[in-house]
Amino acid sequence: MKRFGMISATALMVSAAGAWADELSVVCSAEQDWCDLMASAFEEQNPNIDVLMVRKSTGETLAQIRAEAGNPKIDVWWGGTGDPHLIAAEEGLTQASGVDTSDLLGWAQNMAEISGGKTVGIYAGALGIAYNSDILEKKGIAPPQCWADLEDPRFAGEIQVANPTSSGTAYTELATFVQLFGEDEAMVKLAAVGKNVNSYTKSGSAPSKAAARGETGVSIGFMHDMVKLASQGFPLKIVAPCEGTGYEVGAVSIIEGARNVEGAKKWVEFALHADVQSRAPEVGSFQVPSNSNAQVAPESPDLASIKLIDYDFATYGSSETRERLLARWDAEVGDPNPQQ
C-alpha cells in the first residue's frame, strides 16, 4: 500500500507537469472574434495543447510583460501593432522563434530583421479616418479629407481616438504625425485635434465602433477595422488622409522565459501559415496578410493605392523614442479624463 501510494504520487506529479506543459498561455491584441478563431483553429491542429487566451491592447500587454519579467505568465503574444513588439524585443522581454520567414512579404521579414528574429510580421494595415455620413450630413458638417481638417472647429466634440499610452493604434497615429510634420509641429497639431476630441479610448478599434453606432461623428483608427464595420451596413465612410498616412505591421512574439516554448514556437509557425492567415476574413478581419501565398480579401484596403509614409519601424519601435513621445503627448496634448 505504501509503495502504491508513492507510485501514485509520483504519477500525479508527472501528470501535473505534463498538463502544465500542454497549456499555452496566449495574449491576443487583435479583435476578440479573430482571437477566438485562432485559438480554436490551433487547438484543432494541436489537440494535445490547450490554449489559455486573453485579449489585451498592446500597451497593456507590454506593461504586463515588463512587470512579469523573469517570471512571465505569458508564453506568446499574438497580434497588435508591431512597435510595442519591437520595444519588448529591444528590452530582452521576448526571444527568437527561429521560424522560416522565406514565404513572408518584405515588410514582415523586416520586422524579424530589426528584432533579431524576436518578432515577426503577421499582417499590415493602414491608418485612416472614418466618419458617420448620417451624423455629418444631419449636422451640416463637411467630411474630413486630410489630417489638418480634424483641427477645424467644425469638428468640436465630434472626434474619438484612442490614448497612445494604452493603444498601439494611437501610438501609430502619434508616430505618423511626427514623421509627417516633425516632432514639434506634430504636438501642436495633435493638441489642436485634441480640442475636438470627445473621448480618448483604451482600445484602438473602439472609436470606429462608436462612429458606426452614431455615438461620435469621426474616428481615427486602422482602415481594416473600419471596412469591417462598413461591410456590416453601418453608414461609415473611410478616408485615406491627403497628407499621407502611417501603417502598422501586426506581429507575433515569444516571451523570454516562456514556460511552454515548444508550444509557443508551434503557435508562431501556425500563425504564419498561408491557409491560417487566409481565414481572417471569416471573422471580418481585413488586414493584408504577411504570407505571400495567403489570399487577400477583396474588402481589404489596397495599400498600393494609399499614400503611405516610409514608416521608420526601427526608430519608432524603440523604447527611448516611445517613452519620449508619450511623455510629450501627456504634457502637451494629454487626456483630460484618463480611463483607469
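This is a predicted model: local features need pLDDT of at least 70, side-chain atom pairs count only at pLDDT 80 or more; totals for chains, interfaces and linings use all residues.
Let's begin with helix α7, which covers residues 168–181. After the helix comes glycine 182, which has a positive phi, near 90 degrees.

How much of α7 is covered? Mostly it is, as 11 of its 14 residues are buried. The buried residues include Gly168, Tyr171, Leu174, Phe177 and Val178.

Next, look at helix α8, residues 183–194. Two packed helices are described by the angle between their axes and the distance between the axes. For α7 and α8, the angle is about 125 degrees and the axes lie 7 Å apart. The two helices are therefore oblique to each other, and their crossing is right-handed. On the α7 side, the contact is made by Glu173, Leu174, Phe177, Val178 and Phe181, while α8 brings in Glu183, Glu185, Ala186, Met187, Lys189 and Leu190.

Finally, find alanine 258 in the loop between β10 (247–255) and α11 (261–272). Is this residue buried or exposed? Alanine 258 has 10% relative accessibility, so it counts as buried, the cut-off being under 20%. Setting aside neighbours within four places in sequence, alanine 258 is in contact with Pro72, Ile74, Asp75 and Gln95. Serine 208, by contrast, is 50 residues from alanine 258 in sequence and 35 Å from it in space, C-alpha to C-alpha.

Key:
Residues are numbered from 1 along each chain as its sequence is written. Side-chain values use heavy atoms; hydrogens and water are left out. Helices (H or I, at least four residues) and strands (E, at least two) are DSSP runs, numbered from the N terminus. The expected span of a helix is 1.5 Å times one less than its number of residues. Buried means under 20% relative accessible area, exposed over 50%, partly exposed in between (1.4 Å probe, protein chains only). Axes are lines fitted to C-alpha atoms, for helices over the stretch in contact, and angles run from 0 to 180 degrees between N-to-C directions. Angles under 35 degrees count as roughly parallel, over 145 as roughly antiparallel, 65 to 115 as roughly perpendicular and the rest as oblique. A crossing is left-handed if the near helix is turned anticlockwise from the far one by less than a right angle, and right-handed if clockwise. Contact means heavy atoms within 4.5 Å.
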